[in-house]
Amino acid sequence: MSEQQSLQSARDENSTLKAVVNTDTQALNSARDKALALEKVVNTVVIGQEKVIRLILIALHARGHVLLEGGVGVGKTTLLRAFSKALGGSFGRIEGSVDLMPNDLLYSAWVDNEGKPVIDPGPLITHGEDTAVFFFNEINRARPQVQSLLLRAMAERSAEAFGREYTFPHMVVFADRNGVEKEETFELSAAARDRFLFEINVANPEQIEHRKALIFDSKFHDVDALLSDLSEPLLDYSELNNLDRDVQEAVFVSDEIENYIIRIWDATWKPHEFGIEIPDVFMEDLVVAGASVRGMSAMVRAAKVSAWLEGRDHVLPDDVHTILFATLSHRVFLSPIYEGRREQIMPLFIAALRDHISAP
């Protein structure tokens, strides 16, 4: 091959590479526009929960499961039904109870009018590969054996029943904890909570106009009618796995941000060495265990999605701050003398991490 032919070949390869990069960029930009359109629509259905909705959007695109906190009747189920309908996939749900058994997730048995036994697929496997969102309400009411089956399904996105394996490759699990009633509840273990990408608190709206609308505007009283406005899917749930891989490859983390995240990680284990202080807390005795490797890698994945949604190809400290509390609040385990005050201590602790660890 002559020198001129070699140069032309190099130019052709460079042109091809540029075309591929431009195509990938256009595809990611188009996907981001769809994600933001979905966010806008869900915000009209569930008002006053902008931060929660953004975090759920991040979790869906980072392909992570979510543990929801919050009181009764704050709109958690409506929120998840809205996302499921906007994704176009199926929505599964089960209610936690003390008498729930693992097999109740997989099948239900009943007797028909002729007295014959009938066995139907359970809520976890009913929709199979079409499952986009699965909601386990009051997961801490279910026994550890039930929780274990769900955790396996979350990790492997599959379950065995009726002599075969059911897969749900696109499923994201949302679980809600009953934080009010303590009788007949089984708290999730540390390892179980670590399986969730985020722990998100869904509280009553703060703005008075949102609170008035939810109480006095009749359109918010009929959830089915409210969700009927979502007539067509805004995203294809079956494309989110591939999209997540593209986002993770397209968004980079600088050395400075990497070092910043490592400092946060170290501070979750030994906060007193980073000068973090909380009133009426002896910091050297506060933490039993900090965030895991899985937790910190989850933080990076979520921060990349946050950056992508903001139209950037690199992570900034603001992206880390956006997902900091949701990522770490359930992954830092306190000593028994402070665990009873977790709800008061953890917001202060996470805020101290954000404010005291120097950001680039």
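Helix α3 is mostly covered, with nine of its 12 residues buried. The model described here is a predicted one. The buried positions of α3 are Lys 76, Thr 78, Leu 79, Leu 80, Ala 82, Phe 83, Ser 84, Ala 86 and Leu 87. The helix runs over residues 76-87, and its end C-alpha atoms lie 17 Å apart, which agrees with the 16 Å that its 12 residues should span at 1.5 Å a residue. Just after α3 comes Gly 88, where phi is positive at about 85°.

Helix α2 can be read in the same way. It covers residues 50-62, and its 13 residues reach 18 Å from the first C-alpha to the last, close to the 18 Å expected at 1.5 Å a residue. This helix, too, is mostly covered: 11 of the 13 residues in α2 are buried. They are Val 52, Ile 53, Arg 54, Leu 55, Ile 56, Leu 57, Ile 58, Ala 59, Leu 60, His 61 and Ala 62. Just after α2, a positive phi is found at Arg 63, with a value of about 60°.

Leaving aside residues up to four places away in sequence, Gln 49 touches Asn 43, Val 74, Val 202, Ala 203, Asn 204 and Pro 205.

Leu 235 sits in the loop between α8 (223-227) and α9 (240-250), and it counts as buried because its relative accessibility is 10%. Which residues does Leu 235 touch, not counting those up to four places away in sequence? The partners of Leu 235 are Lys 34, Ala 35, Leu 38, His 61, Ala 86, Leu 87, Gly 88 and Leu 240. Among these, His 61 is one of the buried residues of α2, while Ala 86 and Leu 87 are among the buried residues of α3. By contrast, a separation of 24 Å lies between the C-alpha atoms of Leu 235 and Met 299, which are 64 residues apart along the chain.

Helix α9 in turn packs against helix α11 (residues 293-309), their axes coming within 9 Å and crossing at roughly 85°. The two helices are therefore roughly perpendicular to each other. On the α9 side, Leu 243, Asp 244, Val 247 and Gln 248 take part, and they meet Arg 301, Lys 304, Val 305 and Trp 308 in α11. Sorted by class, the contact of α9 with α11 contains four nonpolar, one polar and three charged residues.

Another arrangement is seen for helix α10 (residues 255-269) and helix α12 (residues 317-328), whose axes come within 12 Å and cross at roughly 25°. With angles under 35 degrees counting as roughly parallel, α10 and α12 are therefore roughly parallel to each other. The crossing in which α10 passes α12 is right-handed. Ile 257, Tyr 260, Ile 261, Ile 264 and Thr 268 of α10 make this contact with Pro 317, Val 320, His 321, Leu 324 and Leu 328 of α12. By class, eight nonpolar and two polar residues form the contact of α10 with α12, with no charged residues.

Key
Residues numbered from 1 in each chain as written. Predicted model: local features only at pLDDT ≥ 70, side-chain atom pairs only at ≥ 80, totals over all residues. Heavy atoms only, no water. Helix = DSSP H or I, 4+ residues; strand = E, 2+ residues; numbered from the N terminus. Expected span 1.5 Å × (residues − 1). Buried < 20%, exposed > 50% of the residue type's maximum accessible area, 1.4 Å probe, protein only. Axes fitted to C-alpha atoms, helices over the stretch in contact; angles between N-to-C directions. Parallel < 35°, antiparallel > 145°, perpendicular 65-115°, else oblique. Left-handed = near helix turned anticlockwise from the far one by under 90°. Contact = heavy atoms within 4.5 Å. Nonpolar A, V, L, I, M, F, W, Y, C, P; charged D, E, K, R; others polar.
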